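Q: Please take a close look at a single part of this model, the second chain. Then set it against its partner.

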Amino acid sequence: MAGPLEQFQITPIVDGPVDGIAFTNSALWMTITVIVVTIFTVMGMSKREMVPGRWQSMSEAVYEFIGSMIRENVGDEGRKFFPLIFTLFVFILFGNLLGLLPGSFTFTSHIIVTLALAVFVFLFVTLVGIAKHGLHFFSFFVPHGAPTWLYPLMIPIEIISYLSRPLSLAIRLFANMMAGHTMLKVFASFVFGLGAVTAGVGGILPITMMVALTGFEILVAFLQAYVFTVLTCLYLNDALHLH
Amino acid sequence: MTEGGEKPSSDDFDARLRAAKTAHEERSGRRRKSADGSEPKTGMEGLGFALRVGTELVTATAVGVAIGFGLDYWLGTKPWLMILFVFLGGGAGVTNVYRLVSGMDSGVGWRRAGTKPPKGDDDTEYKE
């Protein structure tokens, strides 16, 4: 039986032209995610009914959810960043959810993927801040109300705190997804282990646990996508409105 | 979307969306419950929050170490800058945790998370 960590194995599906570059299962599921998201939104909005059906309500709900998230956390100026925030949210959300399908691959459980997303967000937000405020942006690192003699201590701390953002953003998403999927697999192996010893009776308990865990994983999938995007909004707010 | 006001159940839907969102924020630890401290957190949510606190501490320290190590490598001052930046990173970690626990989210400056930016128009519908 496969070990609990084998589900995270990256396997090349189509070899690329150069050694080390290949179309892997991770890339395959990213592609599937993009296709599913596109179908979800484009097909959902294709009818444009006054009274939305189930499908249309779902895509409208996601749209309005992101819309109000930006309005509350960034304000009016955040509207032009709607496409970015929306894309981030649905990409992570659908990646998490599709990863729960049996036999699929969760690309958000790899730190290289989440770190790439987080570093992109970090660089983008920083560039937005510098573009809007110029060099004044760096006054962000000077804490208000601190006595001047503490500045040599406070400013490096603020800078490190700022630089740790992408890392904590990435680790939060990756750790949650990886821990959840490992836990599911471990409990699944209990089903076989206990069931084999007790003629199937002992397998009931871990199966019950797995049902509960699967529900919990769906919650985590939503929650982590939400946390990632809401933090992106907060960072964007920081960059736009220095305080 | 279509004209928002014409949908028969749009008010109801908005209310439910808002309720769900509040629940979301409470779960993610952004909006802390009332000050009496008796939060009805289940074990899993508490664990999630604790994990976040741990992550903040560790990442800030790790970034501090990385900066110190990089500077040492560059300037050839082998252990000293790394030692200095371990402490600075630890300080940044504690700062992040303080912000997180007191309701300001990680590294969003000294303003409370979720407080509105200066000009917020609450009830206007979001449109392009």
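A: Start with exposure: a residue is buried under 20% relative accessible area, exposed over 50%, and partly exposed in between, with a 1.4 Å probe and protein chains only. This is a predicted model, where local features need pLDDT of at least 70, side-chain atom pairs count only at pLDDT 80 or more, and totals for chains, interfaces and linings use all residues. Side-chain values use heavy atoms without hydrogens and water, residues are numbered from 1 along each chain as its sequence is written, and chains are lettered from A and ligands numbered from 1 in the order written.

Chain B comes first. Helices are DSSP runs of H or I with at least four residues, strands are E runs of at least two, and both are numbered from the N terminus. Chain B has 3 helices and 0 strands. Its pattern along the sequence is α-α-α. The chain holds 128 residues, and 35% of them count as buried. Contact means heavy atoms within 4.5 Å. Among contacts in chain B with a separation of 6 or more, 41% join residues 24 or more positions apart. The accessible area comes from the Shrake-Rupley method with a 1.4 Å probe; for residues, only the protein chains shown count as cover. Chain B exposes about 7600 Å², with 63% of that supplied by carbon and sulfur atoms.

Next, confidence. The predictor's confidence in each residue is its pLDDT, from 0 to 100. Chain B has a mean of 68, and 52% of its residues reach 70 or more. Within chain B, helix α1 (residues 10–27) is lowest at a mean of 70, while α3(B) is highest at 88. Residues 1–7 of chain B have pLDDT below 50, and this stretch has 15 contacts beyond near neighbours in sequence. Residues 106–128 of chain B are also below 50; there the model has 64 such contacts. For chain A the mean is 88, and 99% of residues reach 70 or more.

Residues 49–74 of chain B are 100% helix and 0% strand, with end C-alpha atoms 38 Å apart. Residues 80–101 of chain B are likewise 100% helix and 0% strand, with end C-alpha atoms 32 Å apart.

Now zoom in on one glycine. G93(B) sits in helix α3 (residues 78–101) of chain B. G93(B) counts as buried because its relative accessible area is 0%. Setting aside residues up to four places away in sequence, G93(B) touches E56(B), L57(B) and A60(B). From G93(B) to G64(B) the C-alpha distance is 9.3 Å, and the two are 29 residues apart in sequence.

E56(B) leads across to the partner. A salt bridge here is a side-chain nitrogen of Lys or Arg within 4 Å of a carboxyl oxygen of Asp or Glu. E56(B) forms one with R172(A), at 2.7 Å, N to O. E56(B) lies in helix α2 (residues 43–75) of chain B and R172(A) in helix α5 of chain A, so this pair joins two chains. Both E56(B) and R172(A) are buried. Side chains of opposite charge can pair when their charged atoms come close.

How many salt bridges are there over all chains? The search of the whole structure finds 5. One of them pairs K132(A) with E77(A), at 3.0 Å, N to O. K132(A) is in helix α4 (residues 111–133) of chain A and E77(A) in the loop between α2 and α3 of chain A, so the pair ties together parts 55 residues apart in sequence. K132(A) is partly exposed, at 41% relative accessibility. D76(A) and R79(A) also meet in a salt bridge, at 3.6 Å, N to O. D76(A) is partly exposed at 29%, and R79(A) is partly exposed at 26%.

Stay with α5 of chain A. N176(A) lies in this helix, residues 151–197. N176(A) is partly exposed, with a relative accessible area of 22%. Beyond neighbours within four places in sequence, N176(A) contacts I171(A), V220(A) and Q224(A). N176(A) and V220(A) are 44 residues apart along the chain, yet their C-alpha atoms are separated by 7.4 Å.

Last, I39(A), which is in helix α1 of chain A. I39(A) counts as partly exposed because its relative accessibility is 42%.
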